[in-house]
Amino acid sequence: MAEEKLSFQAEVSKLLDLVVHSLYSNKEIFLRELISNASDACDKLRYAALTQPDLLSGGGGDFRILVTPDKTARTLTVADNGIGMNREDLIDNLGTIARSGTAAFLDQITGEAKGDMNLIGQFGVGFYSAFMVAEKVEVISRKAGEDQGWRWTSDGKGEFTLAEDADAQRGATLILHLREGEDEFLDGHRLRNIVKTYSDHIALPVVLVEDGKEEAVNSASALWTRAKSEITPEQYKEFYHHVAHAFDEPWATLHYKAEGAIEYTGLLFIPSQKPFDIFHPDRKQHLKLYVKRVFITDTCDELLPPYLRFVRGIVDSQDLPLNISREMLQHNPLLAKIRTGLVKRILSELKKKAEDADGDYATFWSTFGAVLKEGLYEDFERKSEILDLCRFATTVSDEPISLATYVSRMKEGQEAIYTISGDDIEALKKSPQLEGFIAKGIEVLLLTDPIDEFWPNAITAYQEKPLRAVTQGAADLSAIKGAEGAEETRPEPAAGDAMASLIAAVKLALGEQVKDVRSSDRLIDSPVCLVADEGDVGLHLERLLRQHQQ
Ligand code: ADP
Ligand code: MG
């Protein structure tokens, strides 16, 4: 069959343009990406072969990754004997980007943001990073269990070609034709170094093939099976980059072995940067599940509740059966126990970090607080534990504080925890509804995440103090002893009769538009303000709903 020419999806072309022209000072990471993919491909085949052992015939069961520089041809070849790709896979995986939100994301990184490594780093360019060092890339591949091999070729400029290849071995072989000036990637020392630095944790041998000699370069044992004392922070970080397809520093690393009723190893990470798709409606969790070191799946949503979907890493179970199908996992009681164990560990790690002054909890909170708060109404059993982890900006403190801190400085006679919600902190601070509170020095929580409209309904009280929105219901501040001298700023209240007739006149004027008109001691400077009735939809939520025309 003749060669076919196909076009990259527009997003791929954009991404390739970014990769080649503006990014990455450390180009060497392309090798990490290719080795990472090769390792994933071997993991996938190992899993598939559990139920279809025939898939391993022709290519052997000893998975390995070969890295071969050729100084004469100026090529660098990375070959694996993993699952491989057929024609469709090559088109789908190397010609399109399936991740949702990609187009929107790429539109963000034009102009000013173009040089922003962090932004593109969050996204990850994976396979396409090969074009940082190669002017042409060939992928020769045969999918496990299939007879027909394929050759994919591209110079990364909008098009790629596909042709049948009779000699393709099971797995994928990538031949990188290096750009001028990239000869360092033909040098054995340099390659050895890169593999050691970025890919030591890869669980199968990465073999350097030089002058016909083969040399395994990495440790080739799954990182999580090694003793903690033998793992450096750098190695943890590289593993995190591999497993999470991430590029930032992990904010927290949690490596432990659960023993007793259920046995599993967890190597978990909390990122320091917000993944670009953290608020995607699918709310999928991202842990990879292994059983006795065999990769099973990275789409097992039963492993973690959605409010912990920012956690990355692996769980390796000793107890689950190896031949468990992904479908059967869903209702497995062992898995439910692992989930409980994971949630407990993660929340207690967060607690530890929150209590540790050097733990930089504020970073975590500003990155993932809005996600964690979903747990307040989704995890009934743990909501008080989660509430303890929550932080809030207030009328008194820009630095977010805990509810414990809030309660500890409540005024004498104050019975409730007061809140106000809206889109923007600065606008909120100017709300007329706050005047009386500010005058009395009563602290009010400023809630600005969309999620803040929902969870307060699930929280009846904290340390027996109910949560109360200052824009809702009557606020009787007279019982609360304010700060010294605060009372004097309050204007003399109108005499009873005068107030009654004023209220009657206002009611008459507004008619059906309001439910009631009341005098209030929450105002100081402003003559009037709007409040919602107790039990009605709050003001901010009402505005949000109206925006969405609900
Ligand atoms: P990611 O690894 O994040 O999925 P990449 O851009 O690195 O993204 O790779 C895209 C896809 O191409 C992979 O998900 C995989 O399906 C496929 N792929 C890449 N390299 C290989 C390989 N060596 N063997 C089999 N499939 C591969
Ligand atoms: Mg990849």
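Helix 2 gives four residues to the shell around ligand 1, the largest share from any element. Helices (H or I, at least four residues) and strands (E, at least two) are DSSP runs, numbered from the N terminus. The model is predicted: local features need pLDDT of at least 70, side-chain atom pairs count only at pLDDT 80 or more, and totals for chains, interfaces and linings use all residues. Residues are numbered from 1 along each chain as its sequence is written, while chains are lettered from A and ligands numbered from 1 in the order in which they are written.

Start with the ligand. The shell around ligand 1 holds 16 residues. A residue is near a molecule if its C-beta atom, placed from the backbone, lies within 6 Å of it. Asn37, Ala41, Asn93, Gly126 and Phe127 are the closest. Helix 2 (29-51) and helix 3 (87-95) each supply at least two shell residues. By type, the shell has seven nonpolar, seven polar and two charged residues.

Five strands form an open sheet with mixed pairing, in the order 10-11-14-12-13. Two strands pair if DSSP finds at least two bridges between them. Strand 10 (250-258) and strand 13 (294-297) stand at the edges with a single partner strand each, so one side of each has no neighbour in the sheet. From one strand to the next, the twist averages 20 degrees.

Look inside the sheet. Strand 11 (residues 264-271) and strand 14 (residues 312-317) run antiparallel, joined by six bridges. Leucine 268 has glycine 313 in strand 14 as its bridge partner.

Note on methods:
Nonpolar A, V, L, I, M, F, W, Y, C, P; charged D, E, K, R; others polar. Axes fitted to C-alpha atoms, helices over the stretch in contact; angles between N-to-C directions.
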